[in-house]
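Student: I have just opened this entry and would like a friendly tour. Could you take my questions one at a time?

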Amino acid sequence: MKIRSIELTNFCKFVGTIRVDNIGDNVNVLVGRNELGKSTLLKAINGAIFEKAKSTAAHVKAFRHFVNGTVPEVKLTFDIDGKSWTIHKRFAGQAGKSTLTCSDGRLFEDDAAEAELQRLLGFAGSRSGGEPGIWGTLWVQQGQSFGDAALDEHGQRTMQGCLEAQVGLVTGGTRGQKIPKAIRDALETLRSSKGPRGKFKDAMDRLAESKQETADFEAKRQSVFQLMEDLARNKRELKQETDSWDDAAHRREVEAERTKRTVAATHAAELRSATDAAKLACERATQARRSVDDRAKAVAELESLELQLSDLNTASAGAVAAKADAQASVDTGEAKLSDLRSKTSRNAERARNLERIRAIVSLNGEIIQHQLTLDKAASLECEAAKLSELIGAIATTDAAVTRIEEAVTELSAADAAANAVATTVSFALEESALPSVALDGKALDASATSLPILGKTVISIQNVGAITVEPQIKNRAALVARRDAAHEEVKAALEAADVTDLAAARTAAAQRKEYLRRSADVGNELANLAPGNRTKKLAAGLEALKGHLGELRGRLRVEMEKCGLAEISGEDDLTSDIANNHAEGARFAAEIETAEAELAGPQDALAQADKKLLSARERLAGLNGTIETKKADLAAGRAGASDEQLTASAESLERDAVARDEQLAEKLRGQGETVEAIDARIKRLEGAAANHQRSVANLGIEVTRLTALIEANEGGGVEEMLLAAEAERDRLTTAVAEFEKEAAVLKLLSETLEAAEGEAKTRYLTPVISRVEPYLKMLLPGANIVLDEDLRIAALQRAGQREDFDVLSGGTKEQLAVLTRLAFAELLLGQGRPATVILDDALAFSDDDRIESMFDVLMRAGDKVQIIVLTCRKRLFTRLGAAPLEIREAA
């Protein structure tokens, strides 16, 4: 198939009818800016072929213009099998119309048109429209060029259809295909992809059940054997337990231990009493000795405190004397500092008075400055009044000049229009003959060599006669009226401006502008004289300035009265007084700083003396309290017992504690086995007896239970059932092995035939690969493409390495996908099927070198396949060298 033209009417974004025609056999390129409608063209081609005109699907309704909603139409012309066909579809829902016409005169409409179109282009139809199939792969929409050239189910059937005839011949044709099918059917009766089935599965299920049954019987037999072994062992243990135990001897041993415990408990009570007595004697002796030591320590501490009290009394007397000396020095320094501060205060008062006088001088200067401003304003106001009089005397404004210019222009235009249709009468007379010639009774002007004539005119020649000229002008009255009206407008405009002509009007207007400019300058200057002052809260304007000046004069009078000034002194004298006062203040400040520094020493000495005296007195008070407390405690202790009595009591208690310790040691040496040890032995012997009784009882119960279980199992014929189950298991094992052998033979035969068929398919897929590889060598020398069973790009083989398609760069994926589409198209054409490749904004990810190589590939492929490239990159695709296409509005 070769597309020749496409025409769209009110389709999507297009209003009206546009066409793209003169589409050639080889490579064609349509270059246009973004949103020109290139992708819309591809959508229209798809719609014209695959969508039904009567479709009410949402995506078909979307063909309508998004604003006006008019009914869209698409007309596509294409060549196939040497004939030209045109499909015309009007997408109007149930009222839609399809028309397919052929160059041989055949005409198909609606459903017949859709069916014939499907037959011609080899795609499948459905209720909602056609399935693009292979066309969906060959026509690459915008943004889809970088993916794998994947084929949908219909596309795969189309491509495989080009190969299956050849593959069928290699494998024996239709009859040859029945053998693999029969083998697969036979294999499927025995085994599926999930495992065995049918008789094979039944045999395996029964075998599994038989094996389980055999295992259960074997386990049951082993259980009986284990029960018999357990019974014999329990009987042996019961006999050993009974034979090894002497109950009478055990009871005698327990009674003997209980007697020993009674003796040991009595001795333990005596020992505890002796221990408590020795401990109490030791504690009393220790307490008595501690009291003796505390009495001696208190006496020593009291003597030390009395010595410290004497030293503190001496230090306190010295601190009092030092404080008196420091206080005298401080009083002298403070008197001097007070005199200096008094002088400084008087200096500061004089400084404040001088500052008030300075403010008065500054205020007077401000008043003088404002008065000068008001005087200048009066002069400017006088000048402004004069300029206003001059401006008022000139009536010529810009509007008046514009009116005069427009009137003169209209008059010139009216004259030109009249002259254009007037009859021109030319004169060539001797100067002496001029007086004898008259025009409408008036002498002829010597300067006039030709005259335009609109109406009837009589030329009189003295002594000769008259010539009447009557021009035939169709709209003469209108022309004359226009010229007269223009004359009147010029006259009225000049009178309104009080000038004689346009030049005078322009001169007067310029003079008026100059006066207005000067007046504006004077006004600006007046406004700038009194701009106001937000800091002083002074509003803008001369009136506000006048009011402010009055306020300043009133404030000046008040300030002078406060300062007692009859007149304002000179600024130089005031500056000198202020400087002298500042110098005197600085001298006083320096003297005060020196006096304060001199006073710091005595003040620090006084503070230190106060601190020492306070510390000494605090320590004296604390020490006196401590001594009194110590004395009271010592007196109270001696009142209860003298030092000698306390010492004698302690020695007596210490001798008693030693005697008690010796008695305790004697009892410990006579101690035998402890009560705890005897209790542990009694507990052990009682536990052994209980364990013996429990063991004998448990073993007797277990022997009874095992005997009953063995008798029950032997009566069930376990051995006979086990032999029968083993025989059935062996039979089923043989049957399953036969089924496995049969399935293995069928699988091997099927795989062998499939391998042969796969080799044939691989051999006959070579036409696809062989068509890709020449282009691939131009793009990537030394590389090979790998396709899978579904004709998808699986990998790229280069430099001895396999690179999966998914890990390749976006640009390489896009380029391989385009090459594969070209190969598909060539293969289809080779089988006599229609094929055209359309690329919408493809090769978006190619670098400069690769894009040049791809251009060469496209031009080479264009010798066999019609290719239509839609792109927005004009500068780049100019190098493609393809036939240019254009979107034009239809005539």
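Student: What does the accessible surface of the chain come to, and what percentage belongs to carbon and sulfur atoms?
Tutor: This is a predicted model, where local features need pLDDT of at least 70, side-chain atom pairs count only at pLDDT 80 or more, and totals for chains, interfaces and linings use all residues. Residues are numbered from 1 along each chain as its sequence is written, and side-chain values use heavy atoms, with hydrogens and water left out. By the Shrake-Rupley method with a 1.4 Å probe, the surface comes to about 52,000 Å². The share of carbon and sulfur atoms is 52%.

Student: How many helices and strands does the chain have?
Tutor: Both are DSSP runs numbered from the N terminus: helices are H or I with at least four residues, strands are E with at least two. On that basis the chain has 20 helices and 23 strands.

Student: What percentage of the residues of the chain count as buried?
Tutor: Buried means under 20% relative accessible area, exposed over 50%, and partly exposed in between (1.4 Å probe, protein chains only). Of the 891 residues, the buried share is 34%.

Student: Is Asn 10 buried or exposed?
Tutor: Asn 10 lies in the loop between strand S1 (2–9) and strand S2 (17–20). Its phi is positive, about 55 degrees, although Asn 10 is not a glycine. With 17% relative accessibility, Asn 10 counts as buried.

Student: What is the relative accessible area of Cys 12?
Tutor: Cys 12 is found in the loop between S1 and S2, and has a positive phi of about 55 degrees without being a glycine. Cys 12 is buried, and its relative accessible area is 10%.

Student: Which are the edge strands of the open sheet of five strands?
Tutor: Two strands pair if DSSP finds at least two bridges between them. The order is S8-S20-S21-S3-S22, with parallel pairing. Each edge strand pairs on one side only, and these are strand S8 (139–140) and strand S22 (883–885).

Student: Which residue in S22 is the bridge partner of Asn 28?
Tutor: Strand S3 (residues 27–31) pairs with S22 in the parallel sense over three bridges. The partner of Asn 28 in S22 is Ala 883.
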